[in-house]
Amino acid sequence: MTYQKLKTTISVILLILIQNIYSQNMDFASEQGLIARSRSRIVDAEGSPYVNDDFKMLKIDGFNVVFQGRYNAYYDEMEIKLSDDKIVSLGNNSEYVVTFSSDDKTYKTYNISNDKDISKRSFLVVLEETENYSILKKESVKFYSKIESRSSYQSEIPAKFKREDDQYFVKYDNKVVSLPQKKKDFLDTFPEHSSKLKSYIKDNKLKLKHEEDLVKLTQYLITLK
């Protein structure tokens with residue numbers, strides 16, 4: 001047997017072993033009650049409810065198991081693919097820490113409030129985390145219903161999913177606070193530090209629409225607490 005054939009044979013054997021381990025792990029995880037519910041219904045529309053359509057390898061804290069999953073930003077669900085290709089969802093009412101191996105991207109569940117001050121538990125991306133604070137991002141996809149044509153001169157507008165602007169939060173002192181991306185709104189959110197924050201924005205030429213600048217300003221904000 002040539003070296004190339006031996007190398008190919010070994011690769012195939014390793015792939016089969018990995019697939020078998022993955023299958024056993026998924027069955028084990030399901031039996032342990034990790035999966036909370038079936039995923040939400042599929043909506044027929046243009047675009048995608050996912051931040052990334054592909055299933056990628058991930059790990060969940062507390063489980064010594066490798067999974068495949070993806071984040072459904074429209075339903076705010078973490079979808080997990082089982083060994084029989086059935087897709088189920090983690091319940092965001094539980095505490096989860098989910099890390100995608102390929103890009104080292106971590107999601108955690110937190111309680112956040114919407115514009116109507118209604119609290120809801122969601123999966124948030126961890127941008128930075130220390131013992132004293134966490135800077136977080138909420139990814140969002142919005143659904144737009146189909147618009148029927150009103151005359152023969154108008155075309156029907158199909159239903160679609162559209163990626164919306166991300167929302168940002170900071171967690172400190174056991175509370176999660178929204179981080180507006182408009183300068184005035186940010187300063188109004190932290191009035192006790194508005195003067196220093198305003199100077200810091202000007203001196204560092206920060207644009208809060210840029211994620212890296214918003215993170216930098218938040219890091220400075222924490223030093224004022």
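**A chat about the fold**

A: Let's begin with Glu-139: leaving out residues up to four places away in sequence, Glu-139 touches Val-51, Tyr-71, Ala-73, Lys-105, Tyr-107, Val-125, Arg-163 and Asp-166. Keep in mind that this is a predicted model.

Q: Is Glu-139 buried or exposed?
A: Glu-139 counts as buried, because its relative accessibility is 2% and the cut-off for buried is under 20%.

Q: And where does Glu-139 sit?
A: Look in the loop between strand 9 and strand 10 (141-144).

Q: Which side chain makes a polar contact with the side chain of Glu-139?
A: One of them is Lys-105, at 2.7 Å. The side chain of Tyr-107 is also joined to that of Glu-139 by a polar contact, of 2.7 Å.

Q: Nice. Stepping back, how many helices and strands are there in the protein?
A: You can find 4 helices and 13 strands.

Q: How much of the protein counts as buried?
A: Of its 225 residues, 38% do.

Q: OK, what about the largest nonpolar core: which residues touch the most other members?
A: Those are Tyr-172, Leu-179, Phe-186, Phe-190, Leu-197 and Leu-217, in a core of 21 residues. Two or more residues come from each of strand 9 (133-138), strand 12 (167-172), strand 13 (175-179), helix 2 (183-189), helix 3 (194-203) and helix 4 (211-224).

Q: Which element gives the most to this core?
A: Helix 4 does, with 6 residues.

Q: What does Phe-186 touch?
A: Not counting residues up to four places away in sequence, Phe-186 touches Leu-179, Pro-180, Leu-197, Leu-208, Leu-214, Leu-217, Thr-218 and Leu-221.

Q: Where is Asp-104, and is it buried or exposed?
A: Asp-104 is in the loop between strand 6 (97-100) and strand 7 (105-113). Its relative accessible area is 61%, so Asp-104 is exposed.

Q: And what about the phi of Lys-205?
A: Lys-205 also has a positive value, near 50 degrees, and is a residue other than glycine. Lys-205 lies in the loop between helix 3 and helix 4, and is exposed, with a relative accessible area of 72%.

Key: Residues numbered from 1 in each chain as written. Predicted model: local features only at pLDDT ≥ 70, side-chain atom pairs only at ≥ 80, totals over all residues. Heavy atoms only, no water. Core = buried A, V, L, I, M, F, W, Y, C linked by side-chain atoms within 4.5 Å. Buried < 20%, exposed > 50% of the residue type's maximum accessible area, 1.4 Å probe, protein only. Contact = heavy atoms within 4.5 Å. Polar contact = N/O pair within 3.5 Å; in protein donor to acceptor, adjacent residues only side chain to side chain.
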